[in-house]
Amino acid sequence: MVRPQHFGWFLSRGFGPHGWGHPYLDWDHRWAGPELYQQSVRTLEQAGFDLVIIEDALSLGNASTLDLRIRSAYGGPKHDPLLLAPYLFDVTQHIGIAPTVNPLAYSPYQAARQFATLQHLSDSRFGINVVTDVGSSRHFGVDPLDHDGAYDRAEEWLGALKRLWGSWGGEGLVADASTGQFADGSKLDAFSHRGEYFSFDGPLNALPFGGGDSEALSGDPIVVSPGGSPRGLGFAGANSQVQLALASLDVETVKAYRTKVLAAAAAAGRGPADIDILFVFKPIVVSSAEEAQRLVDASEHPSDEALQAIALGQSSDLETDLTTLDLDRPIDPAIFGDHVSRGTIKGLLGKFESFDGVPLRDILTAKAKLGRIASREGYVGTADEIADFIEEFGEEADNDGFIFSGDLHPVTVHRMLDELVPILRRRGILRRSYGGGGLRGNLRDF
């Protein structure tokens with residue numbers, strides 16, 4: 001029996017210059033306005049997607065890599081995705097929106113109040129993609145933390161949000177028009193929090209969500225987390241409803257990754273139904289097997305110019321200049337500062353286990369090389385071949401679903417989904433309609 005799966009979209013460029021560097025820039029969409037994103041998110045809702053996750057970075061980078069990050073708009077500018085969310089909710093009814101948020105940028109009380117407001121405004125379709133980047137600390141007057149320390153702060157922050165969201169209890173809101181009593185202050189939790197990273201007092205000046213005390217019934221915004229380190233997977237297992245998973249997409253790797261996340265969830269007293277593990281997926285959809293092979297063949301021998309373009313993009317993500325390095329020498333991993341995430345470095349390595357003895361040219365060439373999805377060597381294929389791949393992972397890896405990645409640009413969305421959505425629906429893999437319950441309901445439909 002075919003297993004239905006969940007699907008989302010990762011707006012990988014964030015709320016930034018969409019179309020820049022691509023021919024479709026001449027469609028003349030204005031990236032700083034809402035219409036571009038509204039048009040695309042309506043299409044994703046029509047397709048039956050569960051949610052959109054919006055990437056973000058708080059900083060343009062350090063002084064040594066500033067130009068690298070903005071020269072081709074890889075790493076900035078980026079506007080605040082939290083402020084884009086209401087415009088997307090306004091033109092949709094079912095799909096969830098999860099902007100990226102960083103605990104270093106929001107005090108718990110401010111975050112709990114703003115996020116509660118968005119949860120109410122969206123009819124429970126709001127989520128938060130919690131990241132722990134520390135490279136932006138200097139902009140907020142906060143001392144930078146190491147990798148695990150940033151997760152410790154995020155744990156305290158998220159626990160504080162949940163307590164604030166629950167500070168009205170089950171009986172604080174009365175709303176009895178016959179007596180004129182709106183609320184009962186004696187039922188509110190006027191707690192004081194004095195933690196390692198945050199100090200504040202409750203209760204929260206925002207309405208409760210309702211839905212009971214258990215997490216399964218809670219109306220809190222859902223939590224997404226992308227970390228792939230042991231600490232990041234532990235955070236996801238304990239706190240997240242969606243794990244944004246970055247891994248090599250072969251069945252055994254996906255099964256092993258799922259085992260780690262589900263073990264972390266079990267250690268926190270949660271079960272498989274409490275978290276969906278959705279793997280980032282960026283297929284290239286072509287019209288025929290012949291066209292797929294042509295693209296693969298053309299990628300075999302990239303020019304130095306093409307490799308330098310890849311190095312520029314990687315440099316932006318890593319906040320480390322790779323463009324000045326000798327292509328024919330291995331990278332010294334000491335060039336990566338403590339602020340660079342393990343997952344980003346692992347993403348640069350790709351199929352390689354370490355930098356030892358591997359010239360930078362080989363790493364970048366592997367990034368440039370495409371492969372046929374039909375032979376499971378890459379992600380280029382026809383819509384039918386890509387649907388075969390998705391179906392295989394649902395059956396053989398018990399996969400929860402995929403997060404497609406790319407610009408939230410109408411050209412990108414249609415190019416990837418126009419032929420694929422009908423095939424997935426005919427096979428029973430992709431939903432045709434939504435149930436109720438907001439974003440949490442979308443994730444629990446099947």
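**Helix packing in a predicted model**

Let me begin with Phe 352, which, once its neighbours within four places in sequence are set aside, is in contact (heavy atoms within 4.5 Å) with Val 358, Asp 362, Ile 363 and Ala 366. This is a predicted model, in which local features need pLDDT of at least 70 and side-chain atom pairs count only at pLDDT 80 or more, while totals for chains, interfaces and linings use all residues. Residues are numbered from 1 along each chain as its sequence is written, and side-chain values use heavy atoms, with hydrogens and water left out.

Phe 352 sits in the loop between helix H10 (342–349) and helix H11 (360–368), where helices (H or I, at least four residues) and strands (E, at least two) are DSSP runs, numbered from the N terminus. From Phe 352 to Asp 362 there are 10 residues in sequence and 9.5 Å in space, C-alpha to C-alpha.

Which residues of H7 are buried? They are Val 251, Val 254, Tyr 257, Arg 258, Val 261, Ala 264 and Ala 265, where buried means under 20% relative accessible area, exposed over 50%, and partly exposed in between, with a 1.4 Å probe and protein chains only. After H7 comes Gly 269, with a positive phi near 80 degrees.

Finally, I turn to helix H1, residues 35–47, which packs with helix H3, residues 81–90, at an angle of about 55 degrees, their axes 9 Å apart; axes are lines fitted to C-alpha atoms, for helices over the stretch in contact, and angles run from 0 to 180 degrees between N-to-C directions. H1 and H3 are therefore oblique to each other, given that angles under 35 degrees count as roughly parallel, over 145 as roughly antiparallel, 65 to 115 as roughly perpendicular and the rest as oblique. Their contact is made by Tyr 37, Gln 38 and Val 41 of H1 and Leu 84, Tyr 87 and Leu 88 of H3.
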